[in-house]
Amino acid sequence: MTCNELRERIVDPASASHGGHAPVVVHLEQCAACRAAARDYGALDRLVRTEAPPAPPVDFEAHLRRRLSAARRTTVPIAWLLAGSVAVLALAALAAPRLFRARTSPRPSAPAIAGSLATASAPSREALPPDIVAVRSTPITFQTAPLGDEEKAEASALHDFDFLNSFRTLARLDALFPEPVGPRAPIPVPPAGFPSRPPGSPDAVAGRLLDWQRMAQAERARLSELEQAFRNRPEEERTLLEDRWMLVRGFSEDQRAGLRRLASRIDELDARARDRLESEIRLIGLLPTAQRVSRWRALPFARSLTGQETASAESLLLSR
Amino acid sequence: MAPPRGGIQLAPDSGDLLLVAAGDSAALGRLVTRWCQPVYAFFERTREPSAAAEAALVTFERLVTTSPRYPPELPFPSFLWRIASKVVQEGNPGEVLDIPGPKLAESPAARTALVRSAIAALPAAERAAFLLMRVARLPAAAAAEALGASEPEVRRRLVRAFDFLRASLVPLLEGSTDSASREAGAEAGVEPSDDTLPGGAP
């Protein structure tokens with residue numbers, strides 16, 4: 001064993017047992033330089049160790065989150081920046097006074113970390129993110145006229161906006177939902193009510209009013225019409241649709257778009273083909289979950305669908 | 001609970017990093033809770049606390065930004081220490097502080113500063129190997145994986161690091177090695193004979 005080999009063995013305790021101790025002991029007995037090195041290595045090891053494990057700053061995580069948030073703000077894709085610029089320019093004329101006011105009170109920059117970790121004021125994890133990333137891509141709120149009592153009442157009485165945008169599609173997808181076998185039993189309402197119902201808590205109402213205030217007049221009118229159309233349906237059907245919504249409310253925008261397209265594809269079938277498809281899908285719905293997708297893909301109708309339509313249908317079949 | 005499809009059971013850290021890649025804030029909190037201290041300690045041996053915190057922040061920042069590229073088959077510690085090793089190697093070697101002996105004798109802070117400066121003065125590759133194996137206490141295989149080097153190479157770097165520190169920290173080693181012999185041998189898995197003690201057998 002050479003001096004180098006011995007030193008590589010003694011700096012790594014795990015390797016010391018490889019090849020046995022005898023050669024190490026023999027070498028140490030014969031080599032004063034390695035004995036001195038062994039002594040010093042041990043002393044160095046103790047010097048490097050600390051009595052108590054060093055503790056990171058208490059606000060470490062808050063600093064990390066703040067920096068990650070700042071990094072995200074600076075890496076907004078160019079396309080979003082361009083789109084945002086256009087929107088801001090278009091609205092600037094309307095909102096110039098407010099914008100100038102805002103510039104007089106700039107947001108404080110994050111403090112430098114060096115030497116100030118312990119004293120820097122750290123936002124809580126729940127702190128609201130900056131406006132620019134607050135609500136999807138359209139968070140910038142410009143001064144809009146305050147809502148009157150009548151408008152507030154109207155906005156608060158509306159069902160969930162996503163539900164209103166989806167209930168007509170849900171009504172066209174009977175085949176993909178469990179068939180109500182007659183005589184129909186009443187659909188049980190969840191203890192907390194259907195999530196599609198109008199907002200109930202003060203926080204939810206406040207959020208709804210903010211959304212409403214931010215919304216264009218035409219969009220408000222469209223949602224009010226949808227609400228009216230929904231309320232005009234029989235109560236039993238309304239409950240059924242709200243029950244269906246519970247299955248798809250977690251779907252992504254893409255999946256919901258797939259459902260809309262799927263409903264259109266089903267509408268294109270003649271009555272006989274539609275009846276046959278509904279029967280086949282209902283049979284698939286009775287299969288164990290693991291078998292549903294393969295059976296669904298074997299249907300001639302499914303083979304004619306786009307990937308988006310197929311994926312949405314499969315998500316729904318598996319959610320039942 | 002049934003195991004995930006494919007029979008792969010991800011370790012909590014690996015699973016949390018995949019969740020971080022998907023934007024899960026709570027998963028990031030769990031990872032920080034579990035790994036903040038060892039990562040901070042890793043850097044704290046080479047620099048003063050605020051700079052160590054900064055380096056640890058950079059490490060976690062890179063952990064998050066590279067999380068979409070995390071291969072689940074790689075152990076999480078390897079992924080994390082690989083990042084930390086790169087961060088610790090980025091700094092140029094500094095100068096070993098020249099602190100008078102009396103000051104070292106009376107001031108623990110001065111001794112700490114000298115040790116830090118000596119480790120920071122190591123060449124980058126030796127510094128990373130030393131910190132991974134002697135501060136983070138990684139086995140040679142894990143350190144080698146983090147450094148992208150072979151195990152023998154990592155051990156050679158570690159020996160070079162120890163030899164450099166022996167030369168840099170002479171003032172601290174003098175008088176501190178009287179009781180070191182047995183411990184050094186024990187640490188290395190060796191029971192030294194009496195004549196390995198300083199000055200030979202009593």
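Select K152(A), A155(A) and S156(A) in α7(A): these residues meet V205(A), R208(A), L209(A) and W212(A) in α9(A). By class, the residues of this contact divide into 4 nonpolar, 1 polar and 2 charged. The model on screen is a predicted one.

Now show both helices whole, residues 149-156 for α7 and residues 202-214 for α9 of chain A. Two packed helices are described by the angle between their axes and the distance between the axes. Here the axes come within 9 Å and cross at roughly 110°. An angle from 65 to 115 degrees counts as roughly perpendicular, and α7(A) and α9(A) are therefore roughly perpendicular to each other. The crossing of α7(A) past α9(A) is right-handed.

Next, select helix α8 of chain A, residues 161-171. Which residues of this helix are buried? They are F163(A), S166(A), F167(A) and L170(A). Turn the view to look down the axis of α8(A): the buried residues fall within an arc of 130°, so they line one face of the helix. An α-helix has 3.6 residues a turn, so residues three or four places apart point the same way.

Finally, move to chain B and colour by secondary structure. Of its 202 residues, 41% count as buried. Among contacts in chain B between residues at least 6 apart in sequence, 58% join residues at least 24 apart.

How values were computed:
Residues are numbered from 1 along each chain as its sequence is written. Chains are lettered from A and ligands numbered from 1 in the order in which they are written. This is a predicted model: local features need pLDDT of at least 70, side-chain atom pairs count only at pLDDT 80 or more; totals for chains, interfaces and linings use all residues. A residue is buried if 20 or more other C-beta atoms lie within 10 Å of its own, exposed if 12 or fewer, and partly exposed in between; C-beta atoms are placed from the backbone. Two residues are in contact if their C-beta atoms, placed from the backbone, lie within 7 Å. Helices (H or I, at least four residues) and strands (E, at least two) are DSSP runs, numbered from the N terminus. The arc is that of the directions from the helix axis to the C-beta atoms. Axes are lines fitted to C-alpha atoms, for helices over the stretch in contact, and angles run from 0 to 180 degrees between N-to-C directions. Angles under 35 degrees count as roughly parallel, over 145 as roughly antiparallel, 65 to 115 as roughly perpendicular and the rest as oblique. A crossing is left-handed if the near helix is turned anticlockwise from the far one by less than a right angle, and right-handed if clockwise. Ala, Val, Leu, Ile, Met, Phe, Trp, Tyr, Cys and Pro count as nonpolar, Asp, Glu, Lys and Arg as charged, and the others, Gly among them, as polar.
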